[in-house]
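Subject: Structure handover

Hello,

Here is the structure I said I would pass on. My notes on what was found in it come after.

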Amino acid sequence: MTQIRGLGYLRVQTRDIDRWRELTVDALGFAEGSGPDPDGLYLRMDERRARLVVLPGAIDRVLSVGWEVRDQFALAAVGRAVEASGTAVKMLSQEEADDRGVEAGIAFEDPAGVPVEVFFAPILDHSPVLTGLGQRFVTDGQGMGHVVLPTTAMDDTVAFYTEVLGFLPRGGIRLSGQSPDAPPRRVRFMGVNERHHSLAVCPAPHSGEPGLVHLMVEVDTLDAVGRALDNVNKRDFSLSSTLGRHTNDKMVSFYVRAPGGWDIEYGCDGLRVDERHYTAEEITADSYWGHDWSGSEPLAAFTPPPGTNA
């Protein structure tokens with residue numbers, strides 16, 4: 001049984017915070033909050049002080065993926081499990097915990113080098129959440145949404161999240177374009193609550209920045225999804241994928257390219273998994289309809305960094 005309850009927050013760094021504000025606040029309707037960095041962008045989805053934090057910097061990268069546990073005892077149990085796996089664990093300082101808006105947390109890296117944090121007791125903001133599209137973000141009991149992470153160490157990464165952190169396998173999809181003699185490569189989906197997957201990991205050609213493929217957030221109506229889609233088109237953001245419905249989590253969504261070379265998936269109507277009856281499956285198509293990726297720009301996670309031969 002996993003101690004992880006859901007995706008709590010995502011912190012990223014960007015070279016273009018103004019464009020990030022235009023995407024998240026003006027186009028997608030996140031509520032803008034406040035935080036300790038006066039130059040940062042703190043984005044609310046619910047009573048949490050911030051679920052998505054965007055901070056200015058010299059490069060575009062993930063600063064931390066924050067996973068929530070129930071309390072201090074669960075946090076200690078996760079820390080012991082991670083240390084027993086041979087991974088170094090650091091307690092967040094009081095300043096770092098205050099910066100994240102949590103009572104306490106720990107930090108470590110997954111086998112792909114992605115910075116991970118586990119925390120409990122988020123600081124709440126009880127003022128009204130004034131979203132730009134009049135939408136409600138679907139978070140209660142399911143966390144912020146899901147993240148898809150790239151890895152150059154697929155087997156080790158999947159084992160770490162399932163065997164050490166206790167994520168539950170929720171199926172996969174076999175990647176095409178491989179030699180018939182090569183071992184199959186798959187994207188693996190994993191869950192910790194009723195949301196079909198809070199995490200997916202996929203094989204990547206290189207490690208390092210940006211450390212993310214996409215972030216998914218869910219809203220309560222198809223109309224909010226449609227209005228957001230209109231907004232990103234009007235503001236000339238690159239649409240990575242058209243509207244469509246996924247086969248595994250049933251989400252009706254589109255993907256928009258965020259500054260930094262990764263996507264935000266924005267959708268509704270996601271599947272709720274009843275773990276009493278669930279068995280893992282291998283899907284053979286990403287979507288029932290839509291999700292046309294033909295106009296997508298290359299993702300940074302799959303583009304070799306300048307000066308490499310990868």
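The accessible surface of the chain comes to about 13700 Å². Carbon and sulfur atoms make up 50% of that surface. Please keep in mind that this is a predicted model, and that every value below is computed from it.

Overall form. The chain holds five helices and 18 strands. Its C-alpha trace spans about 55 × 50 × 50 Å along the principal axes. A compact globule of 310 residues would have a radius of gyration near 19 Å, and the chain, with 18 Å, agrees with this. Of the 310 residues, 54% count as buried. Among contacts with a separation of 6 or more, 69% are between residues 24 or more positions apart.

Charges. The chain has 29 positive and 45 negative charges.

Helix 1. This helix covers residues 17-27. Which of its residues are buried? They are Ile17, Trp20, Leu23, Thr24, Val25 and Ala27. Gly29 follows helix 1 and has a positive phi, near 80 degrees.

The loop between strands 8 and 9. Strand 8 runs over 115-122 and strand 9 over 146-151, and Thr131 is found in the loop between them. Is Thr131 buried or exposed? Its relative accessibility is 16%, and because buried means under 20%, Thr131 counts as buried. Apart from neighbours within four places in sequence, Thr131 is in contact with Gly29, Ala31 and Phe137.

The side chain of Ser127 makes a polar contact with the side chain of Asp125, at 2.7 Å. Ser127 and Leu43 are 84 residues apart along the chain, and their C-alpha atoms are separated by 14 Å.

To go through it yourself, you could begin with Thr131 and its contacts with Gly29, Ala31 and Phe137, then turn to Ser127 and its polar contact with Asp125.

Regards

Conventions
Residues are numbered from 1 along each chain as its sequence is written. This is a predicted model: local features need pLDDT of at least 70, side-chain atom pairs count only at pLDDT 80 or more; totals for chains, interfaces and linings use all residues. Side-chain values use heavy atoms; hydrogens and water are left out. Helices (H or I, at least four residues) and strands (E, at least two) are DSSP runs, numbered from the N terminus. The radius of gyration is taken over C-alpha atoms; the globule rule is 2.2 Å times the number of residues to the power 0.38. Buried means under 20% relative accessible area, exposed over 50%, partly exposed in between (1.4 Å probe, protein chains only). Contact means heavy atoms within 4.5 Å. Accessible areas come from the Shrake-Rupley method with a 1.4 Å probe; for residues, only the protein chains shown count as cover. Lys and Arg count as positive and Asp and Glu as negative; His and the chain ends are not counted. The place of a charge is taken as NZ of Lys, CZ of Arg, CG of Asp or CD of Glu. A polar contact is a pair of N or O atoms within 3.5 Å; within protein, one must be able to donate a hydrogen and the other to accept it, and residues adjacent in sequence count only if both atoms are side-chain atoms.
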